[in-house]
Amino acid sequence: MIAVVRRGAVARSNLAVRSQNPGWPRFCSPDWCLAYVYAPSPGSLTPPMPFVTIEAEPDAVTVDLDRTALIIIDMQRDFLEPGGFGEALGNDVSCLAAAVEPCRAVLEAVRRCGLLVIHTREGHRPDLSDVPPAKMERGAPKLRIGAAGPMGRILVRGEPGHDIIDVLYPVSGEPVIDKPGKGAFYQTELELMLHNRGIENLLVCGVTTEVCVNTTVREANDRGYRCVVLGDCCASYFPRLHEAGLAMIKAQGGIFGWVSTSRSAITALGPAPT
């Protein structure tokens with residue numbers, strides 16, 4: 001049959017839309033398209049998810065859940081666990097541990113709703129050919145990228161410390177982005193994944209607030225994504241930089257995005273089934 005469908009909805013449903021015209025899609029507005037829709041069976045269609053409003057700063061933000069994804073940034077063993085690279089640098093990893101339980105609660109709620117979940121890990125190729133000299137030369141020689149660390153070679157893909165902590169570990173179907181830099185968009189397939197699924201809004205969690213979270217949010221903002229950073233799901237080794245990082249995101253009317261909390265996001269997503 002022929003139907004009017006919202007752009008991006010097809011990638012997130014069981015509808016099959018097929019072009020019957022080389023110039024397809026020809027009859028489209030910014031939000032809707034005239035499409036040939038094939039419904040396999042009446043009971044197999046995935047109903048659209050609602051628009052929800054998340055309490056946030058500088059003001060509440062309304063998002064279409066069909067176009068929203070959760071991105072969890074760099075919740076890796078080397079950064080969060082005692083005995084890892086972060087602690088070897090002299091940092092107090094308990095500062096990051098505070099974000100784990102809020103992240104777990106949001107992840108559970110998002111999985112229940114069926115939203116896209118994407119995880120990221122910062123790290124490099126084992127041959128270190130993707131490490132810029134300026135990054136390689138930073139720090140004491142024994143603690144540089146590729147050196148032997150408490151959980152394997154530091155910031156090298158495939159090493160135990162590079163992996164995501166168990167409590168937030170990806171399940172089947174959740175993409176993992178291995179990024180060589182601070183931002184999740186730089187030299188990765190993240191933007192393609194989001195585009196293919198029609199994603200416009202990002203719920204952002206992870207570490208550290210002032211480095212990889214802030215960099216990713218700024219990259220996303222420049223690409224037109226709405227970012228809602230869940231402040232208690234983010235953390236820094238330096239609490240004052242955590243607060244400063246969140247303040248910069250929500251400053252000047254939300255210059256880079258919105259800052260909210262795990263509780264506000266979970267409330268907006270709806271209660272767990274009883």
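A pocket, for this tour, is an open set of points on a 1 Å grid over the protein atoms alone, where a 1.4 Å probe fits and protein lies on both sides within 12 Å along at least five of seven lines. Grid points are joined across faces, edges and corners, and a volume is the space filled by probe spheres set on the points. What you have open is a predicted model, in which local features need pLDDT of at least 70 and side-chain atom pairs count only at pLDDT 80 or more, while totals for chains, interfaces and linings use all residues. Residues are numbered from 1 along each chain as its sequence is written, and side-chain values use heavy atoms, with hydrogens and water left out.

**The whole chain**

Start with a cartoon view. The protein chain has 9 helices and 13 strands; these are DSSP runs numbered from the N terminus, with H or I over at least four residues for helices and E over at least two for strands. Of the 274 residues, 46% are buried, that is, under 20% relative accessible area, with exposed meaning over 50% and partly exposed in between (1.4 Å probe, protein chains only). Taking a contact as heavy atoms within 4.5 Å, residues 24 or more positions apart account for 71% of the chain's contacts with a separation of 6 or more.

**The largest pocket**

Now select Phe79, Phe85, Leu89, Arg138 and Lys182: among the 25 lining residues of the largest pocket, these lie nearest its centre. Lining residues have an atom within 4 Å of a point. The elements giving two or more residues to this lining are α2 (85-88), α5 (133-136) and α7. The space inside comes to about 530 Å³. Which helix gives the largest share of the lining? That is α7, with 3 residues. Colour the lining by class and you will find 14 nonpolar, 4 polar and 7 charged residues. Here Ala, Val, Leu, Ile, Met, Phe, Trp, Tyr, Cys and Pro count as nonpolar, Asp, Glu, Lys and Arg as charged, and the others, Gly among them, as polar.

Next, pick Thr216, which lies in α7 (residues 209-222). Thr216 counts as buried, at 2% relative accessibility. Leaving aside residues up to four places away in sequence, Thr216 touches Ile71, Ile73, Lys182, Gly183, Ala184 and Phe185.

Rings of Phe, Tyr and Trp (its six-membered ring) pair if their centres lie within 6.5 Å, with planes under 30 degrees apart stacked, over 60 edge-to-face and the rest tilted; the count comes to 1 aromatic pair. Phe185 and Tyr225 form a tilted pair, 5.9 Å centre to centre with 35° between the planes. Phe185 sits in the loop between β10 (176-179) and α6 (190-196) and Tyr225 in the loop between α7 and β12 (226-235), so the pair ties together parts 40 residues apart in sequence. Phe185 is buried at 5% relative accessibility, and Tyr225 is buried at 9%.

**A loop glycine**

Move to Gly123, in the loop between β7 (116-122) and α5. Gly123 is buried, with a relative accessible area of 0%. Not counting residues up to four places away in sequence, Gly123 touches Asp130, Leu155, Arg157, His162, Lys179 and Pro180.

**Last stop: cysteines**

How many disulfides does a search of the whole structure find? It finds 0, with a disulfide taken as a pair of cysteine sulfur atoms within 2.5 Å. Select Cys234, whose sulfur is 5.9 Å from the closest cysteine sulfur, in Cys205, too far for a bond. Cys234 is buried at 4% relative accessible area, whereas Cys95 is partly exposed at 23%.
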